[in-house]
Amino acid sequence: MFTTQRQIAIFVAYFLVYVVWGSTYYFIGVALQGLSPFLLGALRFTTAGILLLSLCYFRKENVFRKELMCRSAISGIVLLFVDMAVIMLAQQYVSSSLVAIVASSTAIWIMLLDIPMWRTNFRSITAIGGILSGFIGVGMLYLEQLNTETGLPHSEYGILLLIGGCISWAIGTLYTKYRSCGSEETNGFAGSAWQMFSASLLFWICALLSGEPHEVDWSKIPAKSWLALIYLITFGSILAYSAYIWLLKVRPATEVATHAYVNPVVAVIIGAGIGGEQVTFIQVIGLIVILLSVMLVNLRNIKDSHSPLSAKKE
């Protein structure tokens, strides 16, 4: 029964990280139509952090432990503040689909920087082939987008920002897995809450220094931007981000990082279905290659999960 419940929980968590998180790229773009980048991050993560902290408190989690708060603060700054700020700033130069496509390279960075897992990660030819083929698929989409007139100036600025954000996300992911996650129980979510709240403090500092709260005309913010913000708080942060942190506790970081390959698929589909973006033949082929790469990366993990040794570990 425990194994079945764990498998269902893992399936739901991956759905949130793969599908829901992929949709957030589009909704970030919608929210930015009425809110400035730092102010959006401040409102999103302050609300999500406080709500999740309250929930953890009522669940009788020990939310005020110094070690948990300190390690979570570091994770929140590197994992959420830097990367989310980069994503929101980059979307002023490139489309939400391209942001998701370039962000998928985080899986490569995680595999390269996960030194304790080098022997395991690079032992499997299928895993290496899956990651490389996924990068090829992403490259196809990237080149296709790069050769398309988007109407957004200085797109190279957005790409440079995204590369730095990918590295930051990879470092934050590995720090969270090997340091922060050890500060709480497997099913505890106070760490995620403190990460969001810590990131929100820096977003507020940047927003205040840049004068964003004073420059925005609150009465003219469109309803769709507020609705997008609510979606980002509930589904993007409280559910999807918490699911990501939980998966880092129970699954290999390289496997969890495959979300970066699926997110562009979701982003492009939503961009075409809701945003009216055109989906080309090259994009369809690229998406197929990405999906096949995820299967290859997970092939060894699926085999390992059915082995007696893996069963004992879980």
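Is Ile-282 buried, partly exposed or exposed, and why? Ile-282 counts as partly exposed because its relative accessibility is 40%, where buried means under 20% relative accessible area, exposed means over 50%, and partly exposed lies in between, with a 1.4 Å probe and protein chains only. This is a predicted model, in which local features need pLDDT of at least 70 and side-chain atom pairs count only at pLDDT 80 or more, while totals for chains, interfaces and linings use all residues. Residues are numbered from 1 along each chain as its sequence is written, and side-chain values use heavy atoms, with hydrogens and water left out.

Ile-282 belongs to helix H14, which covers residues 281-305; helices (H or I, at least four residues) and strands (E, at least two) are DSSP runs, numbered from the N terminus. Although Ile-282 and Gly-137 are separated by 145 residues in sequence, their C-alpha atoms are 9.5 Å apart in space.

The chain as a whole can be described next. It has 15 helices and 0 strands, and of its 314 residues 54% are buried. Contact here means heavy atoms within 4.5 Å, and among contacts between residues at least 6 apart in sequence, 89% join residues at least 24 apart. The chain exposes about 14,800 Å², of which carbon and sulfur atoms supply 70%; accessible areas come from the Shrake-Rupley method with a 1.4 Å probe, and for residues only the protein chains shown count as cover.

Helix H1, residues 2-31, contains Thr-24. Thr-24 is buried, because its relative accessible area is 4%, and when residues up to four places away in sequence are not counted, Thr-24 touches Tyr-231, Leu-232 and Gly-236.

Helix H2, made of the 22 residues 37-58, reaches 32 Å from its first C-alpha to its last, close to the 32 Å expected at 1.5 Å a residue, the expected span being 1.5 Å times one less than the number of residues. Tyr-57 is a residue of H2, and it touches Val-63 and Phe-64 when residues up to four places away in sequence are left out of the count. Tyr-57 is also placed with its C-alpha 8.2 Å from that of Ala-190, although the two are 133 residues apart in sequence.

After H2 comes Lys-60, which sits in the loop between H2 and helix H3 (66-90). The phi of Lys-60 is near 70°, a positive value in a residue other than glycine. With a relative accessible area of 76%, Lys-60 is exposed.

Side chains of opposite charge can pair when their charged atoms come close. If a salt bridge is taken as a side-chain nitrogen of Lys or Arg within 4 Å of a carboxyl oxygen of Asp or Glu, the count comes to 4 salt bridges. One of them joins the side chains of Glu-61 and Arg-59 at 2.4 Å, N to O; Glu-61 counts as buried because its relative accessibility is 16%, whereas Arg-59, at 43%, counts as partly exposed. Another salt bridge links Asp-217 with Lys-220 at 3.9 Å, N to O, where Asp-217 is partly exposed at 36% relative accessibility and Lys-220 is exposed, with a relative accessible area of 66%. The side chains of Glu-255 and Arg-251 also meet in a salt bridge, at 3.1 Å, N to O, and both of these residues are buried.

What do the cysteines show? With a disulfide defined as a pair of cysteine sulfur atoms within 2.5 Å, the count comes to 0 disulfides. Cys-56 counts as buried because its relative accessibility is 1%, and Cys-166 counts as buried at 2%.

Ile-171 lies in helix H8, residues 155-180, and counts as partly exposed because its relative accessibility is 44%.
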